[in-house]
Amino acid sequence: MLAADASDAGRPEGRTSGVRVLGPADLPAALEVLNADPVTNVFAEYRSRITQLDQRWLGGQMWGYVADGELVSLCHVGANLVPVQAGEDACAAFAERALRQRRLSSTIVGPHDAVARLWSALGPSWGPARDERWDQPHLAISSDPWIEADPGVRRTEAGEVDELYPACVAMYTEEVGVSPEADGGRNMYRARVSQLVNRGWSFSRIENGKVLFKAEIACASPLACQVQGVYVDPAHRGQGLGARGMASVVEFARREVAPTVALYVNAHNLPARAAYAKVGFTQTTTFSTLMF
């Protein structure tokens with residue numbers, strides 16, 4: 001059964017159609033929606049599982065779109081606004097609800113068609129976006145890597161955060177266009193880096209105190225995990241470190257985290273796309289990201 005609002009979690013009755021805030025009682029139904037495409041939906045599934053759809057832990061809300069009494073689509077609403085299995089009607093309903101409140105999200109990210117539908121409705125009020133990235137191939141691999149892994153890549157140790165952190169800042173700044181330390185964000189970003197290291201989700205090749213390669217697992221479900229933050233030191237690019245490093249990450253992740261490894265990349269980043277192709281990643285769909 002579906003909860004009509006977060007405060008109604010556990011109540012069996014609610015509207016037969018429209019958008020509502022989901023709560024813990026809705027988790028089984030939400031997981032059914034997410035299971036329609038567990039690789040594409042890994043972020044939302046990870047957030048749903050670790051928070052049990054409790055707003056206190058979500059740091060936001062999970063909206064559900066109900067049609068004829070059945071939950072058919074979701075929308076994660078927090079720092080990231082992420083549509084899930086959202087068709088035309090669901091996107092229109094999510095946008096209508098979003099327009100009734102101030103924008104809280106710093107990004108809209110997800111499958112291209114859903115992001116485009118949301119933006120056509122939200123853009124006049126929420127825009128302009130600081131950056132629009134419409135063509136981001138979403139890639140996945142469900143087999144052993146096609147190339148030899150780099151034996152120098154290993155899990156980052158807790159005592160290596162000081163060495164790792166500058167590379168994380170450099171990667172983020174290069175990728176996003178602003179520093180994660182801007183506006184007093186240093187402590188929060190460093191805490192996130194440390195969290196991934198302590199969880200065993202950070203992988204790196206560090207020589208003489210310098211990070212030559214690094215990547216992290218950002219989120220995971222029983223069926224898939226998503227890699228983020230792939231970085232090769234500029235002085236060592238073009239030497240194959242990225243491809244071999246990712247082969248190592250794939251081996252670790254498939255053995256110990258989830259059977260399918262996914263990520264998404266900007267279409268114009270041809271060196272990265274070539275490296276992922278060497279490893280064995282293939283495109284599953286296209287993502288889009290809007291940044292504010």
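**Salt bridges and burial**

Trainee: Let's start with R186: is R186 buried, exposed or partly exposed?
Mentor: Keep in mind that this is a predicted model. R186 has a relative accessibility of 39%. Buried would need under 20% and exposed over 50%, so with its 39% R186 counts as partly exposed.

Trainee: Okay, and which residue forms a salt bridge with R186?
Mentor: The closest N and O atoms of this pair are 3.4 Å apart, and the cut-off is 4 Å. R186 pairs here with E181.

Trainee: What is the N to O distance between K214 and E216?
Mentor: Look at the burial here too: K214 has a relative accessible area of 0%, so K214 is buried. E216 counts as buried as well, at 4%. Their side chains meet in a salt bridge, and the N to O distance is 3.0 Å.

Trainee: Where do E45 and R49 lie?
Mentor: Their side chains meet in a salt bridge, N to O at 2.9 Å. E45 is buried at 7%, whereas R49 is partly exposed at 35%. The two sit 4 residues apart, about one turn, and the element that holds both is helix 2 (residues 42-51).

Trainee: Which residues are linked with R133 in a network of salt bridges?
Mentor: This one goes beyond a simple pair, since a salt bridge takes a Lys or Arg nitrogen and an Asp or Glu oxygen. In this network R133 is linked with D131 and E175.

Trainee: And how many salt bridges does the structure hold?
Mentor: We've talked through some of them, including E45 with R49 and K214 with E216. For the whole structure, the number of salt bridges is 15.

Note on methods. Residues numbered from 1 in each chain as written. Predicted model: local features only at pLDDT ≥ 70, side-chain atom pairs only at ≥ 80, totals over all residues. Heavy atoms only, no water. Buried < 20%, exposed > 50% of the residue type's maximum accessible area, 1.4 Å probe, protein only.
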